[in-house]
Amino acid sequence: MATDCEAWLNANPVEAGDLSDSFPSGDEDNTFTGNVNNEINGNWISAPTSTINEARLKAKVKRRLRKNSSKDSGRGDSLSDNGDVVRSVVPPTSPKGKLLNRRSRMGKGRGLPKKGGAGGKGVWGSPGEVYGEDEVDVKDPNYDAEQENCVYETLVLPLDDETFEKTLTPIVQEYFEHGDANEVAELLAELNLGSMRSDVPMLAISLALEAKASHRELTSRLLSELCGCVLTAGDVEASFHKLLKELPDLVLDTPGAPQMLGQFIARAVADSILPKSFIDGYKGRVDCEYARAALDRAAVLLRMSRWTGLRIDSLWGSGGGQRPVNQLIKEVNLLLKEFLLSGDTVEAERCLRELEVPHFHHEFVYEAVIMVLESKGDRTLQMILQLLKSLCASTVITVDQLRRGFERVYVDMADLSIDVPCAYSLLEQFVEQSFNAGVIDKKLRDLCPCRGRKRFISEGDGGRLKLSSY
């Protein structure tokens, strides 16, 4: 070390003024030189003053070397034989260089991730890689020969009485809305019905008795679709047996339950999901009057289908949205004609509700106004006005449907005036009275079309006055 310091001092001479960095006070120099025993680099020595000054210079050089080495620890500064400072660069193959270098150590490649992105923490392989089945190691201490060919299945617990009703009631009610029997079959296939399988038709019919005629038609179709894939003929027959026994309780909520159940039985026999001997098996053995009424109703319908050609498949009628438009228009016209003959507003409202076509009520308004224009009488006008006022007050016909019906009449007035020459005047009269009665608003009244003013003097008739009013 002393040799290195001497070589560095020869290469870099130090002036006397530089020594003040380490010893700024002159008193300290006198004290330091005055002491025989002095500490240099932690060693107590006794030497002359020239030796002490040389030792100071060496100590200062060492401090500078330490300071530089701490700053440039990676460069490896050292003194050469001639006193020059040599700074060596850390070779790239050193451990420190490997840590800082993230490129491939193989010296080749295009900078892509290693293993094609299939390596690293939390990665199970390259994208799209398909692994084969792992072979069972027979020598594995946990190997069990009995479990090698086991098949695992999901266990679904059977439904009890309380869970059965809570689970199936929403399914049937949703079916009344969408009418998709295949979806119901898929939902029932996922359940473990067990011994409750025969209660499915019973629950569906019980809910349909309190619903509309279109829902009862959907229920008959549902039973026909489920029989064979989810239910058996024995399940359907057992369900009707239970319904006949519980008729006294069903009548309390639905007074017409015996007649409706008889129609369900006749429809099931016509759909071949119930044997024809079902009704004959009860002859002479029925004590309940309600069950007897249901069986008699079914027997009468089946005889009528054989003798008169009654179609049992259309016993309940089609749902409102499922009927063709032409059929709906005919039923609306028939309803209006019956009302003009009877004048019963309540019956007309009930028949309109039973059509179950609230989205088609604009057709009812349209046909009613057309009937007023074609009748040319004040009686028809007053009766139709009274009917529309009653239906709007009971919200059977909404404001939107009423407005749409009147607007359809306004659009067709050009064609209607060909068959009814005075259609414009009659329409203006009816619209004004409807506005006074509160059936329509002012905006709809102002939309009423009117024919242009008729000229009294014609340009081609010689200037003669037209006395006939148009």
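**View 1. Glu183 in helix 6 of a predicted model**. Glu183 lies in helix 6, where helices are DSSP runs (H or I) of at least four residues, numbered from the N terminus. With a relative accessible area of 32%, Glu183 is partly exposed; buried means under 20%, exposed over 50% and partly exposed in between, with a 1.4 Å probe and protein chains only. A surface patch of negative charge is formed by Glu174, Glu177, Asp180, Glu183, Glu186 and Glu190. Helix 5 (161-178) and helix 6 (181-189) are the elements that give two or more residues to the negative patch. Patch residues have over 30% relative accessible area and no salt bridge, and like charges are joined within 9 Å. A salt bridge is a side-chain nitrogen of Lys or Arg within 4 Å of a carboxyl oxygen of Asp or Glu.

**View 2. Helix 8, residues 213-226**. The 14 residues of helix 8 reach 20 Å from first to last C-alpha, close to the 20 Å expected at 1.5 Å a residue; the expected span is 1.5 Å times one less than the number of residues. Helix 8 is mostly covered, with 10 of its 14 residues buried, among them His215, Arg216 and Glu217.

**View 3. Ser272 and its positive phi**. Ser272, not a glycine, has a phi of about 65 degrees. The residue is in the loop between helix 11 (257-270) and helix 12 (277-280), and Ser272 is exposed at 64% relative accessibility.

**Notes.** Residues are numbered from 1 along each chain as its sequence is written. In this predicted model, local features need pLDDT of at least 70, side-chain atom pairs count only at pLDDT 80 or more, and totals for chains, interfaces and linings use all residues, while side-chain values use heavy atoms, without hydrogens and water.

Terms used:
Patch = residues over 30% accessible without salt bridge, like charges linked within 9 Å, V, L, I, M, F, W, Y side chains within 5 Å. Areas by Shrake-Rupley, 256 points an atom, 1.4 Å probe, with all protein chains shown as cover. Lys, Arg positive; Asp, Glu negative; His and termini not counted. Charge placed at Lys NZ, Arg CZ, Asp CG, Glu CD.
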